Amino acid sequence: MTKIMINPITRLEGHGKIAIFLNEEGEVENAYLQIPELRGFEKFCEGRPAEDMPQIMQRICGVCPEAHHLAATKALDSLFNVEPTSTARKLRELLYSAFFVTDHATHFYILAGPDFIMGPESPPAERNILGVIGKVGLEIGKKVIQTRQQNHWVIQTIGGRGIHPVFGLPGGVSKVLSEENRAKAEEIALQDVEFARFSLKIFDDLVLKNKEYLDMVLSDTYTHRTYYMGLVDENNKVNFYDGKVRVVDPQGKEFTKYSPSEYLDNLSERVEPWTYLKFPYLKKVGWNGFIDGETSGIYRATPLSRLNAADGMATPLAQEEYEKMYAALGGKPVHHTLATHWARLIEMLYAAERMLELCRDPEITGPDIRNIPTEVPSEGVGIVEAPRGTLTHHYITDEKGLIKKCNLIVGTTNNYAAMSLTIKKAAQGLIRKGAEITEGLLNRIELAWRAYDPCMGCATHTLPGELPVEIAVYDADGTLIDTARRS
């Protein structure tokens with residue numbers, strides 16, 4: 001048995017490694033995405049006041065604290081049985097829309113973009129944001145930085161802090177939005193819409209018009225037929241902040257739709273001994289191993305999954321792009337993993353349009369920003385769509401409001417089983433007996449899971465320190481025959 005290690009995997013949040021095992025014929029027998037981190041938030045939150053959860057939970061991750069902050073805040077609404085005011089709901093969604101714009105821009109240009117813009121076989125020293133700027137031009141680099149900077153201003157202005165917001169409260173938010181700041185946020189939203197459209201044009205020019213890349217996107221190597229999950233509004237349109245969770249089967253037919261409080265009726269979690277990360281699956285299908293198809297309980301919760309699970313987008317420009325994507329890829333649902341990058345840009349356009357709508361809503365600067373809770377807390381569930389997937393926070397308290405039990409299903413955790421499938425299939429499609437194990441080949445395997453935009457710092461949590469950057473190849477007797485190191 002030959003073992004190939006990709007350790008660490010790159011351009012993600014957190015740490016992970018890929019172990020690939022070859023049989024005596026040199027074919028891939030199995031592949032594992034291993035997460036060597038341990039997240040302890042569910043345990044050490046026990047005994048803490050429920051009101052602390054929006055502040056504690058967002059420390060899980062510095063990349064998407066807004067997602068955890070709002071999922072925790074919505075869980076407190078449920079826990080205290082209090083509805084936020086209309087203005088508070090809109091302020092929360094405005095902040096969240098700005099967050100989605102900047103987060104999706106980060107992934108496309110910094111984490112995923114180098115694979116397409118520079119090419120998956122390009123030298124590692126060039127396959128990064130600096131290489132991207134060098135190829136597409138300094139002005140585009142400035143646009144990316146400006147977009148992130150401006151939307152972080154919106155997050156800080158509404159949320160009170162630039163990284164970890166301090167504004168979500170059970171029943172509302174902590175402060176009003178001034179007219180001056182509303183007007184500036186509207187200007188930023190207008191620029192966001194143009195930036196998203198510009199980004200879609202780049203994707204069209206550099207990927208869709210490049211036959212080699214398009215063939216890679218459509219190839220069986222990067223294709224899986226799974227169930228798909230995403231939040232939808234009352235019209236089954238994509239919604240990041242609120243609604244019900246809708247799941248469609250591999251044919252695109254609605255399988256289930258549930259409210260946050262019903263998530264345990266629909267999801268279970270499996271534990272494997274070789275990783276710290278759990279594997280959620282659809283309870284009504286069951287766990288049938290690492291397979292895809294209708295008999296598998298494995299589902300995906302990604303930007304592409306949200307579009308597959310919905311009947312459309314709730315804003316006009318995003319709807320046009322939604323229709324364009326499905327027309328180009330042969331209709332719904334789309335099973336090509338790498339098409340997730342296209343879906344992510346459509347979502348960025350939707351977030352920008354929604355942000356503009358909210359900035360122009362007369363209620364957004366209203367003074368009525370909180371309903372004070374009056375009931376004794378007991379149990380609550382909050383769900384939002386994190387950029388990486390459906391995010392669930394579930395809290396149970398005692399009569400004093402202290403956390404007795406906490407459970408999280410994080411966006412990346414939803415996709416762990418599917419990522420494992422994707423990595424194995426990519427390895428099987430790319431590694432052949434006698435083939436040279438090159439940097440470019442290994443990057444094509446990493447490219448398979450990078451579309452999921454995984455955040456291991458969200459899904460797990462510890463500080464394992466520096467991991468060795470080494471690939472070792474062993475023969476069938478376990479003898480080390482070759483090593484390679486990444487710089």
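Guide: Val101, Ala105, Phe108, Tyr109, Phe116 and Ile117 of α4 touch Asp192, Phe195, Phe198, Ser199, Ile202, Phe203, Leu206 and Val207 of α7. Contact here means heavy atoms within 4.5 Å, and helices are DSSP runs (H or I, at least four residues) numbered from the N terminus. By class, this contact has 12 nonpolar, one polar and one charged residues; Ala, Val, Leu, Ile, Met, Phe, Trp, Tyr, Cys and Pro count as nonpolar, Asp, Glu, Lys and Arg as charged, and the others, Gly among them, as polar.

A word on the source: this is a predicted model, in which local features need pLDDT of at least 70 and side-chain atom pairs count only at pLDDT 80 or more, while totals for chains, interfaces and linings use all residues. Residues are numbered from 1 along each chain as its sequence is written, and side-chain values use heavy atoms, with hydrogens and water left out.

Back to the helices: α4 and α7 pack at an angle of about 15°, their axes 12 Å apart. Axes are lines fitted to C-alpha atoms over the stretch in contact, and angles run from 0 to 180 degrees between N-to-C directions. That makes α4 roughly parallel to α7, a label for angles under 35 degrees. The crossing of α4 past α7 is left-handed, meaning that the near helix is turned anticlockwise from the far one by less than a right angle.

Arg182 is buried at 14% relative accessibility, whereas Glu179 is partly exposed at 45%. Buried means under 20% relative accessible area, exposed over 50%, and partly exposed in between (1.4 Å probe, protein chains only).

Another salt bridge joins Lys209 and Asp205 at 3.3 Å, N to O. Lys209 is exposed at 59%, and Asp205 is partly exposed at 32%. Shared partners link Lys201, Asp204, Asp205, Lys209 and Lys324 into one network of salt bridges.

By this rule there are 32 salt bridges. One of them pairs Glu439 with Arg127, with the closest N and O atoms 2.9 Å apart. Glu439 is in α15 (residues 439–450) and Arg127 in the loop between α4 (86–117) and α5 (129–136), so the pair ties together parts 312 residues apart in sequence. Arg127 is buried at 7%, while Glu439 is partly exposed at 25%.

Conventions:
Salt bridge = Lys/Arg side-chain N within 4 Å of Asp/Glu carboxyl O. Helix = DSSP H or I, 4+ residues; strand = E, 2+ residues; numbered from the N terminus. Parallel < 35°, antiparallel > 145°, perpendicular 65-115°, else oblique.
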